[in-house]
Amino acid sequence: AGGKGVNVSRALLNFGIRTTATGIIGNNGKEGYFNLLDADGIDHDFYITGGTVRTNITIVSPETGTETHLREKGPLIHESALIEFSEKLLGLKVKYNNPANVKSDKDNTAFALVLFVFAGSLPNGLSKHTYRNLIETVKGWNCTAILDASGEAFKEGISAAPHFIKPNVNEVEDALGFLPLSNMDFIKAVETFHSMGVERVMISRGKDGILFSSGNGILEAKLYIEHPINTVGSGDCAVAGGVVGIIQNLNDEDTARLACAMGGANTLISGAGRFSKEKARELLACVKLNYLKTR
């Protein structure tokens, strides 16, 4: 069962953090999709609309390691569906604000803060302002908003100042109008995002690792994986690492190290967000940290 938000949920579950995966899903094919989520142990509560659940295919070349993505568009969603979907989000906010209703592998008080991760491409028919509007809504509920998107949806979304974003280099170009290549470019990008009100910035750079900043300096985290099998979902696992950093109040170095290790662990197994907690912890010691800029 795919989807960037679902991949984040699957990765967090590896660390004993239970979430609710949600979104807008077509009626046809939903049973098979929900069965896959149930098999993975992922709690879910989707808004169901007309149409068919879309299928995405990724072809990985064993010789070159290159990936080809075949992506269906999915059903056409009307803007009116967002009103009911927002009501579903409010219901989840109420649920997670009640510690007695929160399922955690440790205890029922692990979630003092309600976090919403908005991730992936927007459904067909929804405006580019969708993420911006949703982020403004949950911030109005005193909740934390996290954004991992691309194109106009990302550009509009960051105008609502989410707490945490994780663009890749092409998404930085979409949002800021320049492709970061040098260290100075990346520093400029991070500082620009901070100036827009984003508190935590993580930029994924593929095999070159990630950059992370919460305003206390810009960290570079790198991890060498000798024989990667699959990179699909590694960025989502890095987002999950950033979420763990928020929940556990980790410092910048530990957050960057964990996000990089989780993304690296994902490359060792086929599938998105499928890695062992033990492997991620093993890779923590292999992550190289360097400050591009101190505070």
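Q: Strands are DSSP runs of E with at least two residues, numbered from the N terminus. In which strand does L292 lie?

A: The model is predicted, and in it L292 lies in strand β13.

Q: Is L292 buried or exposed?

A: A residue is called buried when its relative accessible area is under 20%. The value for L292 is 17%, so L292 is buried. Setting aside neighbours within four places in sequence, L292 is in contact with N183, F186, I187, L211, I218 and E220. As for separation, L292 and S86 stand 206 residues apart in sequence, and their C-alpha atoms are 40 Å apart in space.

Q: What is the order of the strands in the open sheet?

A: Two strands are taken as paired if DSSP finds at least two bridges between them. Here seven strands form an open sheet in the order β7-β8-β9-β10-β11-β12-β13, and the pairing is mixed.

Q: In which sense do β7 and β8 pair, and which residue is the bridge partner of V117?

A: β7 and β8 (residues 144-148) run parallel, with five bridges between them. V117 has I146 of β8 as its bridge partner.

Q: In which sense does β10 pair with β9, and in which sense with β11?

A: The pairing of β9 with β10 is parallel and has two bridges; F164 is partnered there by R200 of β10. Between β10 and β11 the pairing is antiparallel, over four bridges, and I203 has L211 of β11 as its bridge partner. These two strands form a hairpin with five residues between them, and G206 in the turn has a positive phi of about 65°.

Q: Which way do the residues of β10 point?

A: In a regular strand, side chains alternate between the two faces of the sheet. In β10, R200, M202 and S204 point one way, while V201 and I203 point the other way. Five of the five residues of β10 are buried.

Q: Which strands does helix α7 lie across?

A: Helix α7 (residues 183-195) lies across β9, β10, β11, β12 and β13. Relative to β10, the helix runs at about 145°.

Q: How is the length of helix α9 to be checked?

A: The expected span of a helix is 1.5 Å times one less than its number of residues. Helix α9 (residues 252-266) has 15 residues and should therefore span 21 Å; its end C-alpha atoms are 21 Å apart, which agrees. At the start of α9, a side-chain oxygen of N251 comes within 3.2 Å of the backbone nitrogen of E253.

Q: How many residues of α9 are buried?

A: Twelve of the 15 residues are buried, and α9 is mostly covered. Among them are D252, L258, C260, M262 and N266. C260 has a relative accessible area of 8% and is therefore buried.

Q: How many disulfides does the structure hold?

A: A disulfide requires two cysteine sulfur atoms within 2.5 Å. The structure holds zero disulfides. For C260, the nearest cysteine sulfur is that of C286, 10 Å away.

Q: Why is helix α1 described as largely enclosed?

A: Helix α1 (residues 4-13) is largely enclosed by the rest of the structure because seven of its ten residues are buried. These are V6, N7, V8, S9, R10, A11 and L12. The elements covering them include β1, α2 (30-40), α8 (234-247) and α9.

Q: Which residues does A21 touch?

A: A21 belongs to strand β1 (residues 20-21). Not counting residues up to four places away in sequence, A21 touches V6, S9, I42, D43, H44, D45 and F46. Its relative accessibility is 4%, so A21 counts as buried. The C-alpha atom of A21 is 15 Å from that of V53, 32 residues apart along the chain.

Q: What is the phi of N142, and what is the phi of N249?

A: Most residues other than glycine have a negative phi. N142 is not a glycine, yet its phi is positive, at about 60°; N249, also not a glycine, has a positive phi of about 55°.

Q: Where are N142 and N249 placed?

A: N142 is in the loop between α4 (130-140) and β8, and N249 is in the loop between α8 and α9. Exposed means over 50% relative accessible area. N142, at 71%, therefore counts as exposed, and N249 is exposed with a value of 64%.

Terms used: Residues are numbered from 1 along each chain as its sequence is written. This is a predicted model: local features need pLDDT of at least 70, side-chain atom pairs count only at pLDDT 80 or more; totals for chains, interfaces and linings use all residues. Side-chain values use heavy atoms; hydrogens and water are left out. Buried means under 20% relative accessible area, exposed over 50%, partly exposed in between (1.4 Å probe, protein chains only). A polar contact is a pair of N or O atoms within 3.5 Å; within protein, one must be able to donate a hydrogen and the other to accept it, and residues adjacent in sequence count only if both atoms are side-chain atoms. Contact means heavy atoms within 4.5 Å. Axes are lines fitted to C-alpha atoms, for helices over the stretch in contact, and angles run from 0 to 180 degrees between N-to-C directions.
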